Amino acid sequence: MSDQVVSLENRSFQQSPADQGSYRRAGAVALLSFSALVCALAVIFLAATLSQGRLASVLVNGINVSIWRLDAVQAQWQSLQALEVERRDILRKAERLVAEAQYAQIKLAPELAAAKLRALSAARNLAQQASDVVPGLADDVGRLDDLSKIADRFTREQSKFADFKDSLSDFRSKYEAHEATLVEANRRDKDYDAASAEVKRLAEEIAATRSSIDGIISFGQPALDATTKGRIENALYELSPTTFFGEMFRKIVTLQPDILTLCLVVLMGVLGGSLQIASSFFSAEGRVSPGNYFLRLGFGAVTALAIFVLAKAGVVIVADPSKLGGESPINPYFVSFVAIVSGLMSERAVVAVQRQGEQFFANADVGTPRWARSDLHDMIEGDLTVDALARYLKTSDKTEVDAILAGQKPASAVDQQTIALYLRREIRDLFSDLPR
């Protein structure tokens, strides 16, 4: 019975080839999905690092404009740009109204002239008919060109026009038509004047806004060439997000340069680790557990960060550490390459770090051995003794101490410092690189 239970348990932990294939397919999908996400983040941070380096190269009178200053100015500049665009849209509408009003004036002018001509003709016809009743009326109307004055004259002589009612009625109708056309013409003139005044006002406001924009772009510098202004304006456009992704990218670009670089290094290290685990996953080594997968990614990130820190510290572990920059801007492509390789070859990178550490600490412990310039026994007097010095040198062999003091045996860097402190002298006065 127990053997059957063990057999069932063994079979329950065994996977069929179909189950193994399903496991590998699921693992491949998860691996590719996570790797794609890491690639996307790495691309974004690499692009942000390149953008930050490009924006940091903007100069104003020989001085670099920091990206944070550009970002602070960008908010004011963007609001003024939006205001200028809005006012230019209004200006275009106002200019269209001016054109329409001017066209209406031009279109109404012949009609107004024709109405005036018809009214004058009717007035002169009436004056000619009534010339016998009102002496001199025809001559007066013939000299007048102002219809309002003619109408006033006819109003004063209205009682004498009893026999000419039809002509008087014809004049009045044509005079009223002229007046109505004149009122319309005056209204259109006012529309044109108002639209012209609005265009002038908007043009002045746009000029003032443009002056403010130029002042912001110039950073208060009076004489800034057009090329520099264009570069600054391009940088401000680049920092002006129009979408949610653009806003997120702007926040990444405006990170501290060191933080942005370290994020890039970590992501590239994770990418290198992902490449390594993907290679082993699709090789004949078999399946890789999820825990081992994420452990490998973390290991790649940490290794890339360690290699980067050592390279920045001046430890020669890469082909060209100068490309990582000192105080100068770094090369993002080289940093990415080092980080990816460090994550991809984590074991070898760790070995390289260990070797550099061993050399560093070994060099720290081993100093240059030197010999006593003269017999230092002559300086041991008073309460100073060779036995006490031997205790400070942490040795019980008095013969060895006598040999060092006599210049017969070199003293290590630590022993030199101890003897100099014990004798209250300078090391350079007691020891020499040449044996006696």
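Biologist: Why are H6 and H7 called roughly perpendicular to each other?

Modeller: In this predicted model, helix H6 (residues 165-217) and helix H7 (residues 226-238) pack at about 95°. Angles of 65 to 115 degrees count as roughly perpendicular, and H6 and H7 are therefore described in that way. The axes, which are lines fitted to C-alpha atoms over the stretch in contact, with angles from 0 to 180 degrees between N-to-C directions, lie 10 Å apart. The helices themselves are DSSP runs (H or I) of at least four residues.

Biologist: What makes the contact between H6 and H7?

Modeller: Contact means heavy atoms within 4.5 Å. On H6 the residues are Arg-210, Asp-214 and Ile-217, and on H7 they are Lys-229, Ile-232, Glu-233 and Leu-236. By class, three are nonpolar, none is polar and four are charged; Asp, Glu, Lys and Arg count as charged, and Ile and Leu are among the nonpolar types.

Biologist: What makes up the largest nonpolar core?

Modeller: Such a core is a set of buried Ala, Val, Leu, Ile, Met, Phe, Trp, Tyr and Cys residues joined through side-chain atoms within 4.5 Å, where buried means under 20% relative accessible area with a 1.4 Å probe, protein chains only. This one has 40 residues, and Ile-232 and Leu-236 are among those with the most contacts inside it. H9 gives the most, with nine residues.

Biologist: How is confidence in the model expressed?

Modeller: By pLDDT, the predictor's confidence in each residue from 0 to 100; the protein averages 77. Local features need pLDDT of at least 70, and side-chain atom pairs count only at 80 or more, whereas totals for chains, interfaces and linings use all residues. Residues are numbered from 1 along each chain, and side-chain values use heavy atoms, without hydrogens and water.

Terms used
Helices (H or I, at least four residues) and strands (E, at least two) are DSSP runs, numbered from the N terminus. Angles under 35 degrees count as roughly parallel, over 145 as roughly antiparallel, 65 to 115 as roughly perpendicular and the rest as oblique. Buried means under 20% relative accessible area, exposed over 50%, partly exposed in between (1.4 Å probe, protein chains only).
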